[in-house]
There are 2 protein chains.
Amino acid sequence: MPSSNLLSNFNIAPNRLINTIHETANLFGATGQWGPNSTTDTGVRRLALSDEDKGVRNWYISELKSLGCEIKIDEVGNIFGVYPSKHQGEPTAIGSHLDTQPTGGRYDGILGVLSSLEVLRTFKDSGYIPNFPVASVCWMNEEGARFPLSMMGSSVYAGVISKQECYDFESILDPKPVSVKHELLRTGFLGQTSASYQSNPIAAHFEYHIEQGPILQDEEKDIGIVVGVQAYSWFDVYVKGKAQHTGTTPLSARNDALLSASKMIVKANEIAHKYEGLCSIGTLTLKPASVNVIPEYVHFTLDVRHHLDETLKLMVEECKTEFESICKKPNGTSNKQATVEFSLIQTSPAVHFNQDNINCVRESALEVVGVDKTLTIVSGAGHDSCQTSLHCPTAMIFIPCKDGVSHNFEEYSSPDEIDKGFKTLLGAVVRYDELRKSRSRSA
Amino acid sequence: MPSSNLLSNFNIAPNRLINTIHETANLFGATGQWGPNSTTDTGVRRLALSDEDKGVRNWYISELKSLGCEIKIDEVGNIFGVYPSKHQGEPTAIGSHLDTQPTGGRYDGILGVLSSLEVLRTFKDSGYIPNFPVASVCWMNEEGARFPLSMMGSSVYAGVISKQECYDFESILDPKPVSVKHELLRTGFLGQTSASYQSNPIAAHFEYHIEQGPILQDEEKDIGIVVGVQAYSWFDVYVKGKAQHTGTTPLSARNDALLSASKMIVKANEIAHKYEGLCSIGTLTLKPASVNVIPEYVHFTLDVRHHLDETLKLMVEECKTEFESICKKPNGTSNKQATVEFSLIQTSPAVHFNQDNINCVRESALEVVGVDKTLTIVSGAGHDSCQTSLHCPTAMIFIPCKDGVSHNFEEYSSPDEIDKGFKTLLGAVVRYDELRKSRSRSA
């Protein structure tokens, strides 16, 4: 199969993918209309293991079955639809998730799962039989919105958390909390297949996703060749000063926790610029919170990210050192000292995707959009691919989304953008299948 | 009466004032023990027109009556106890308030009212008859804690708000709100005297108060000669940026409302230093308040103070200009623009006390503590004297309080500090009475 013109071998149905996106959105959780067209211009609320999620998962399984796939549902509700092949072997997987945030869009993980289905539909329409099995995968609860752990299903699969830990999570968005296990049973998705990369292995994992950031749009690129996911560390930061009367306390006698915290926020941004990484403060609360009382306590969260683990570490150390330094002179002239404490919330090392997979994505993108419209990119957000990459060769494909907006009803990628990403995915998976064949020959 | 040795004419009872402070605190609202001695080391919770306030006010009236005072209670619960004199005339008033904050101390306004009582007791013990009437005054609801307007009783008296506006205020610290009028009736303090400086005039007003700031302590001074009260303006400030994903949004694409707000807070502090005034941010809230979402909306309050009205105006203008400037480049490199809006909460012009009254306080302080232990000072906080000064000659006396702490159970001034302040008050009132006599002669 000539690599420069691979897609000419496939019979790609125009608009079927985008129509499937809109049809399933409208059937299973459409809400939050933001434009004139009620059948396309809404978001989706489809919380993990809700009735909407149950509905779309059952629809998805029936579609996979109609293509001749073998269906496997594992013990934590991950769904595998395995498309038949010429040879036996572990499947090349194409996965993402069908659940959304409470105020989610139509694309996010949904695009990845429906595109994996569209790859298999295209195989069938084209009479194409891959060398090795190809699986469409829907990972359970990637968002962590209803049950508060993101990438939950893929984390159990990768052995990062135990099955029992997953089962015991309680919902945080229901009037009366229920457990994951309860909802797996209720929706019929507590399956028989072991939820483990060891007993139910996949040979590789590809994931197609919207960027969720503005880089591709701003750089006018069509395809992001995702080479990894940046590392991050989240901290609670506590600043303590002294509550005093705003009218009667001279500047020289103040120990203003909010002024110190403000200097820290400005400094964190400077550190992010210096290291070409990211520092963000998303939450901040203070006490006593009265117009005429100087704040004594400030709590904020610090989110530090970089694509290199060692640089992330440097950034965190510099934040700690600089924040301590700010505390020594909280108000410029004061001889009072504030205190600052850090408490780690969570940390995730940098993920580096597999070069074989990246190469397959790159070659495919070159065929679909040309080199000028591709960009090598590091994902800012976590994805199920972070978990699969722990145990099998993995890569991702990004497409632009309008203004980088995601986790929002107004999340949007155009039909043309979606089509280009789909073709890139199709070509990458077929190239990987050919690579596996060539290696099995040479072995 | 020789001015350099005036107090030798008076028989001052040692410890009676401090004992009265502790006795009434323990009878009427003592709470919040902070030291080993339960009879002295507590705060006081005595909300305006509560049962505790009713109790101390009735006690206060009976004490005034026992000294031979004529009692007047006005329509908003201000109490006047007028001590008899040689000549007819408007009384020289010594006033403050007996109510406290929910977590108040034993001193604050209480010191001022009980000291005015102690002045009259000392007159009686000393057989001293003033030239003109001297009144002990308890103003209703200075704190504005239960009924949310500070200096309420003195504001009606001064014509700043109407009697009806006062009556209609509803309590904010009760399970079921009740009106001021309801509580005046319930406690028996809706009096017959017109609540007006016109129909119930006073000739002058002296007020003795703890500083509520650390200046006297830090400068090791015993007496603050208060020449005025600084002007202030309070604003709601609203900053709007854009909510974006902290992991996927490059610094160059951000419009971080909290980063902009932090720069504003730092800048406000610089402006305060520049003008030798005060800028304080006591409250701050943000949305959407998630660890991995860049804040879109920040609201904070800005409290700007200066002892000169025109400088206050300059400070406010400079805050507005600088905040706008920060919004133009919210993240240093971004071409996005944040927006900022100001909304005035309240403003109060600078108060300049009367030079005659200030001179009386100064001469008295020189006798009591000597020039090295006095400091000319501007009050940072508002007091009932701000209202009286609109219509009659007014001045105040400050004493140090520990670490400047006030509106707190641990508020503390030592018996010696209190004694020096009382003697300064006594001497100032007698000097003012002599001044009135000398002027009536020359007139």
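Biologist: What is the handedness of the crossing of H8(A) and H9(A) in this model?
Modeller: This is a predicted model, and in it H8(A) and H9(A) cross in a right-handed way.

Biologist: Why are H8(A) and H9(A) called roughly antiparallel to each other?
Modeller: Helix H8 (residues 257-275) and helix H9 (residues 309-328) of chain A cross at roughly 150°. Angles over 145 degrees count as roughly antiparallel, and therefore that label applies to H8(A) and H9(A). Their axes come within 10 Å.

Biologist: Which residues meet there, and what is their make-up by class?
Modeller: From H8(A), the contact includes A:Met264, A:Ala268 and A:Ile271, and from H9(A) it includes A:Leu314, A:Met315 and A:Phe323. By class, the residues of this contact divide into 11 nonpolar, 2 polar and 5 charged. Among the charged ones are A:Lys263 and A:Lys267 of H8(A), and A:Glu318 and A:Glu322 of H9(A).

Biologist: At what angle do helix H10 and helix H12 of chain B cross?
Modeller: The axes of H10(B) and H12(B) cross at roughly 130° and come within 8 Å, which makes the two helices oblique. The crossing is right-handed. B:Glu363 and B:Glu367 are among the H10(B) residues here, and B:Lys420 and B:Arg431 among those of H12(B). The class counts are 8 nonpolar, 4 polar and 7 charged.

Biologist: How do you know that the two copies are related as by a two-fold rotation axis?
Modeller: Chain B superposes on chain A by a rotation of 180° with 0.1 Å of shift along the axis, at an RMSD of 0.1 Å. The copies are thus related as by a two-fold rotation axis. In chain B, the C-alpha nearest that axis belongs to B:Ser262, at 2.2 Å.

Biologist: How do you know that the copies meet through the same surface?
Modeller: Of the interface residues of chain B, 100% are interface residues in chain A too, so the surface is the same. The contact involves 52 residues of chain B and 52 residues of chain A. About 4,100 Å² is buried between the chains, 66% of it on carbon and sulfur atoms. B:Thr248, B:Leu251 and B:Val291 supply 15% of what chain B buries, more than any other three residues.

Biologist: Which peptide bond is cis in chain A, and where does its proline sit?
Modeller: The bond from A:Lys287 to A:Pro288 is cis, with omega near 5°. A:Pro288 is in the loop between strand E11 (284-287) and strand E12 (297-306) of chain A. In chain B, the bond from B:Lys287 to B:Pro288 is cis, also with omega near 5°.

Biologist: What sets B:Glu220 apart?
Modeller: B:Glu220 has a positive phi of about 55° although it is not a glycine. B:Glu220 lies in the loop between helix H7 (215-219) and strand E8 (223-229) of chain B. Most residues other than glycine have a negative phi.

Note on methods:
Residues are numbered from 1 along each chain as its sequence is written. Chains are lettered from A and ligands numbered from 1 in the order in which they are written. This is a predicted model: local features need pLDDT of at least 70, side-chain atom pairs count only at pLDDT 80 or more; totals for chains, interfaces and linings use all residues. Side-chain values use heavy atoms; hydrogens and water are left out. Copies are superposed by least squares on the C-alpha atoms of residues with pLDDT of at least 70 in both. Contact means heavy atoms within 4.5 Å. Axes are lines fitted to C-alpha atoms, for helices over the stretch in contact, and angles run from 0 to 180 degrees between N-to-C directions. Helices (H or I, at least four residues) and strands (E, at least two) are DSSP runs, numbered from the N terminus. Angles under 35 degrees count as roughly parallel, over 145 as roughly antiparallel, 65 to 115 as roughly perpendicular and the rest as oblique. A crossing is left-handed if the near helix is turned anticlockwise from the far one by less than a right angle, and right-handed if clockwise. Buried area is the accessible area (1.4 Å probe) that two parts lose on being put together, summed over both.
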